[in-house]
Amino acid sequence: MITLSVIKADVGGYVGHSSSHPKVLERAKECMEKALRDKLLVDFHVTRCGDDLQLIMTHQRGEEDEAIHKLAWDTFLECTKVARELKLHGAGQDLLAEAFSGNVKGMGPGVAEMEIEERGAETIIIFMADKTSAGAWNMPLYKMFADPFNTIGLVIAENMHGGFRFEIHDVKEHRKITLNAPEEIYDMLLFMGAPSRYAVKAVYHRGSDEIAAVSSTQRLALIAGRYVGKDDPVCIVRSQGEFPAVGEVLEPFTNPFLVEGWMRGSHHGPLMPVALRESNPTRFDGPPRVIAAGFQLSGGKLVGPRDMFDDPSFDKARQIANEIADYMRRHGPFEPHRLPLEAMEYTTMPQVVRKLEGRFVALE
Ligand code: F6R
Ligand code: MG
Ligand code: MG
C-alpha cells in the first residue's frame, strides 16, 4: 500500500498575496530531501499555487500519520522563518496553532490523503486552488463522477457504469452524509449545491470500493473563528481504467464556474484554470486560480508532474473567466459579487458594522 499525502499552507506571499518566493520553496525541498534520506518518505514534490505552498508526499505510513503530519508542520515552520527573513506578506498566516499536537488537521494547513494499492498504471491528478474555499471542488467532482454530459465513460464504459459514492461533509455541523450516484443525484445536489457549507470530502467507486478522489475540507475561518484568508483547497483525483479518463477529469474546468474567495475572501468570481507559472493572482487579488499537476505513480515514486492546464485547449476558459471577471467587477461592492451577509460574518466586515451599531434608530 502507498499513501499519497498532500498538505498545504500559505506561509507568506510574494508580492502581497499574489505568489510565492523561490527561497521558500527551496527550504521546503531541503526539508523534504532530509525526510527522504531518513526513509520517512518514498518520494515528494514541492510546488505552489499563488501564495500557497503544497507538499506532495508519498510514503507507507497510512493516512493521518503523526510523523508525516509533523514533517509537514515542521517544514511550514522552517519556511515561515525564510518568509520572516524576507519580510514576505502574511508570514506564517495559516499556522494557527501554537505547537504541533499529533495531526495538522484543525491547525490551519489543508490536508488531502489517500492510501491506495498502486494499479498497473496509477494516473493521478492533483488540483490546487488559490483565492477560494473548500467547497470549490463540489461542481467539478459532481461533473467528473456523476454527470454523463461530462464523463461519457459513465455511459459507455462497463467498469464505470455502476456509478460512484460521494461522501459529503457538513463543515459547520461537523457531520457527514454518504450518497450514491446516479440514483441519489437529486439528494446529493441538495447539499453539494451549497458549497459554503457542504463540501465533497471523498468519492468512491461503487463496484470496487476503491477511493477515486479526496479533497481538503478544512475551513480556516471556522477553525480560527475569524477571517484568516481563504482555504485555498487541494483535491487528489485518480484517473483512467475504472476512474474517469484524464480528459474527463479536466473537462469540468472548461467552464470557469463561480466560486467564493477572490479579494479579501469576500467575493464571488470565476475559477480560472491556469499553468503553474500563471498561478499568480494579481487582478483584484484574483481571479481565483486552479492548477492541475499530473503524475504517474511508479512504486510510490512521483513520475511528473505534467502541467495539465498548460494547454491551448484551456485558452477559451481563461478568456471567458476574464470576461466574467470584468462583468462581476462592475458590481463593485454590491452582491452577488460581494458575498451574502451570512458569509461576510467570516470576513473583516463585522468589525466595521459594529462601529455603526449605535447609529441605528428604530423605525416607527
Ligand atoms: C484573499 C487574499 C487577499 C487579501 C488582501 C488583504 O484570500 O488573500 O485578497 O485578503 O490582499 O490582505 P491583508 O489583509 O493581508 O493586507
Ligand atoms: Mg496569503
Ligand atoms: Mg492563497
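Reply: Let's start with Phe253, which counts as buried at 1% relative accessibility; buried means under 20% relative accessible area, exposed over 50%, and partly exposed in between, with a 1.4 Å probe and protein chains only. Phe257 is buried too, at 6%. Before we go on, please keep in mind that this is a predicted model, in which local features need pLDDT of at least 70 and side-chain atom pairs count only at pLDDT 80 or more, while totals for chains, interfaces and linings use all residues. Residues are numbered from 1 along each chain as its sequence is written, chains are lettered from A and ligands numbered from 1 in the order in which they are written, and side-chain values use heavy atoms, with hydrogens and water left out.

Now to the rings themselves. Rings of Phe, Tyr and Trp (for Trp, the six-membered ring) pair if their centres lie within 6.5 Å; planes under 30 degrees apart count as stacked, over 60 as edge-to-face, and the rest as tilted. By this rule there are 10 aromatic pairs. One of them joins Phe127 and Trp137: the ring centres are 6.0 Å apart and the planes meet at 45 degrees, so this pair is tilted. Phe127 belongs to strand E5 (residues 122-130), whereas Trp137 sits in the loop between E5 and helix H3 (138-146), so the pair ties together parts that are 10 residues apart in sequence. Helices (H or I, at least four residues) and strands (E, at least two) are DSSP runs, numbered from the N terminus. Phe127 is buried, with a relative accessible area of 0%, and Trp137 is buried at 1%. Phe253 and Phe257 also make a tilted pair, with 6.2 Å from centre to centre and 45 degrees between the planes.

What lies around them? The largest nonpolar core has 40 residues, and those with the most contacts inside it are Phe127, Phe145, Phe166, Met188 and Phe253. Such a core is a set of buried Ala, Val, Leu, Ile, Met, Phe, Trp, Tyr and Cys residues joined through side-chain atoms within 4.5 Å. Helix H3 gives the largest share of this core, 5 residues. There is also a second, separate core of 28 residues, and among its members are Leu53, Ala72, Val82 and Phe100. In soluble globular proteins, nonpolar side chains tend to be buried together.

Phe284 is partly exposed, with a relative accessible area of 22%. The charged end of Arg329 sits over the Phe284 ring, 3.5 Å from its centre; this description applies if NZ of Lys or CZ of Arg is within 6 Å of the ring centre and within 35 degrees of the ring normal. The backbone here is worth a glance as well, as Phe284 has a positive phi near 50 degrees and is not a glycine. The loop between strand E13 (272-273) and strand E14 (289-298) also holds Pro287, and the peptide bond from Gly286 to Pro287 is cis, with omega near -15 degrees. Most residues other than glycine have a negative phi, and most peptide bonds are trans.
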